[in-house]
Amino acid sequence: MQTIDLRGVSCPTNFVKAKLELEDIETGTTVEFLLDDGEPVKNVPRSLKAEGHKLLGLKEKDGHYVLTLEKGED
Amino acid sequence: MADVKIDLRNLKAGGFIKERGKDLFTVRLRVPGGRMSVERLSRIASVAQKYGKGFVHLSVRQSIELININFANFDAVVAELGEEQQKVASCGARVRVPTACGGCEYNPNGLVDTQKSALDVDEKLFGTPTGHHKFKVGFAGCPFDCPKSATNDVGLQGAIWPELDAEQCINCGLCAKSCTEGALTMGENGIPLFAEEKCIYCGDCLKVCPTGAWKEQKRGYTVRIGGKWGRSPLVGTLYATFLPEDRVVDFIASVLEWYKEKAEGAGRVRIGDIILREGCETLLAHLRKDFPEYVVDRTIPPQIIQTQLPLQRQ
């Protein structure tokens, strides 16, 4: 599974970066994003959901968060 | 200037405000909720160019104000703005043009259609004389409350009451992580626990929930009454929750009714100061008559903000 590391990237750059990465990924593919605690983990998942992607889960790992999602229709 | 003729009906609701210097006025335009079509904006620009001083002022209550308008041009300004397209606003002891945030059409935080509510209130209540003092209404689409709704005589804030369908929950924990208020925590069985008393009705849990397990049980406005700013600020306090959008005009009309009656003989006094004098109970009881399902059981008086301390003399 492809992992996109958005740690250390602040809002809204992290979301735009996630969007750009998702452009090169096929619909239906599962990917994971690494997100910092705080604003990023609160904002990025919600924005990705609003863009039509399917959120699958969230796990805490070594002080950051791993968000899994399935890419939605283009 | 003896031959200057002015149609005094244009001045009925106010909106023409005396400036420094002879003959000059500010013309305050009616822009409910701050939304302005580009077409109207360019019309205003051409009128301002023709009759004004080369600039306009964007007021803190979302109006465009034409500056340096000679009173001899009042009728021409009103006519050229276009009767239907762009009306003049109000001043004085009247219901003012309501303010509102962008609402819910394009702003992802918006929970209710504040733009529509502002238009409704403007259409039905704008310019109503209070008999006492100005009366301001403001709409915020969510508890972020960019418009600072509680500093209005009546301030309304969009709200959602969430409800969990545990069967659809995938135990991801995104809602608990998103809840700024700490109202949601993950239980040992992986199902979120909802501490209702901490919820401020922002709806963030619904927005992030991947499966739609969080649903809206109620949606409407949280209503605060008695706020104002200025020399002696007051922050309005809670009177109703989840007031449906289609009851807003009637609710505000009911608040006005109480204000008109209780402020009789008090002079130029805002509703917040009348509540401080009368207490909250009679207003709660008055509103409960028509809105029993939305009015809260108890509230507190408007909150006095001592902005003059420590300068205030004892």
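Start by colouring chain B by domain: the assignment gives domain 1 (8-81), domain 2 (99-159 + 220-304) and domain 3 (161-218), with bounds that come from an automatic or database domain assignment. Between the centres of domain 1 of chain B and domain 3 of chain B, taken over C-alpha atoms, there are 48 Å.

This is a predicted model, in which local features need pLDDT of at least 70, side-chain atom pairs count only at pLDDT 80 or more, and totals for chains, interfaces and linings use all residues. Residues are numbered from 1 along each chain as its sequence is written, while chains are lettered from A and ligands numbered from 1 in the order in which they are written.

**Whole chain B.** Colour by pLDDT (the predictor's confidence in each residue, from 0 to 100). Chain B averages 92, and 96% of the residues score at least 70. For the complex, the predictor gives an ipTM of 0.83 and a pTM of 0.91. Zoom out: along the principal axes, the C-alpha atoms of chain B fill a box of roughly 85 × 45 × 40 Å. A cartoon view of chain B has eight helices and 13 strands; helices (H or I, at least four residues) and strands (E, at least two) are DSSP runs, numbered from the N terminus. Of the 314 residues of chain B, 41% count as buried. A residue is buried if 20 or more other C-beta atoms lie within 10 Å of its own, exposed if 12 or fewer, and partly exposed in between, with C-beta atoms placed from the backbone.

**The antiparallel sheet.** Select S1, S2, S3 and S4 of chain B. These four strands form an open sheet in the order S1-S2-S4-S3, with antiparallel pairing; two strands pair if DSSP finds at least two bridges between them. Strand S1 (16-18) and strand S3 (56-58) of chain B are at the edges with a single partner strand each, so one side of each has no neighbour in the sheet. From one strand to the next, the twist averages 30 degrees. Now pick strand S2 (residues 24-28) and strand S4 (residues 64-70) of chain B, which pair in the antiparallel sense over four bridges. Arg28(B) stands opposite Glu65(B) in S4(B).

**The mixed sheet.** Next select S5, S6, S7, S10 and S12 of chain B. Here five strands form an open sheet in the order S5-S6-S7-S10-S12, and the pairing is mixed. The edges are strand S5 (99-100) and strand S12 (237-243) of chain B; each has a single partner strand, so one side of each is left without a neighbour in the sheet. S5(B) pairs with strand S6 (residues 137-140) of chain B in the parallel sense over two bridges. Axes are lines fitted to C-alpha atoms, for helices over the stretch in contact, and angles run from 0 to 180 degrees between N-to-C directions.

**Leu234(B).** Select Leu234(B), in strand S11 (residues 234-235) of chain B. Leu234(B) counts as buried because it has 24 C-beta neighbours inside 10 Å. Leaving aside neighbours within four places in sequence, its contacts include Gly226(B), Gly272(B), Pro302(B) and Ile305(B). Two residues are in contact if their C-beta atoms, placed from the backbone, lie within 7 Å.

**Two loops with positive phi.** Most residues other than glycine have a negative phi, and most peptide bonds are trans. Go to Asn171(B), which has a positive phi of about 60 degrees although it is not a glycine. Asn171(B) lies in the loop between strand S7 (154-164) and H4 of chain B, and is partly exposed, with 14 other C-beta atoms within 10 Å. Tyr201(B), also not a glycine, has a positive phi of about 70 degrees. Look for Tyr201(B) in the loop between strand S9 (192-194) and H5 of chain B; with 23 C-beta neighbours inside 10 Å, Tyr201(B) counts as buried.

**The contact with chain A.** Show both chains. The contact takes ten residues from chain B and eleven residues from chain A. On the side of chain B that touches chain A, helix H4 (174-178) and helix H5 (204-208) of chain B each supply at least two residues. H4(B) gives the largest share of that side, three residues.

**A stop in chain A.** Finish at Pro12(A), in the loop between strand S1 (2-5) and helix H1 (13-23) of chain A. The peptide bond from Cys11(A) to Pro12(A) is cis, with omega near 0 degrees.
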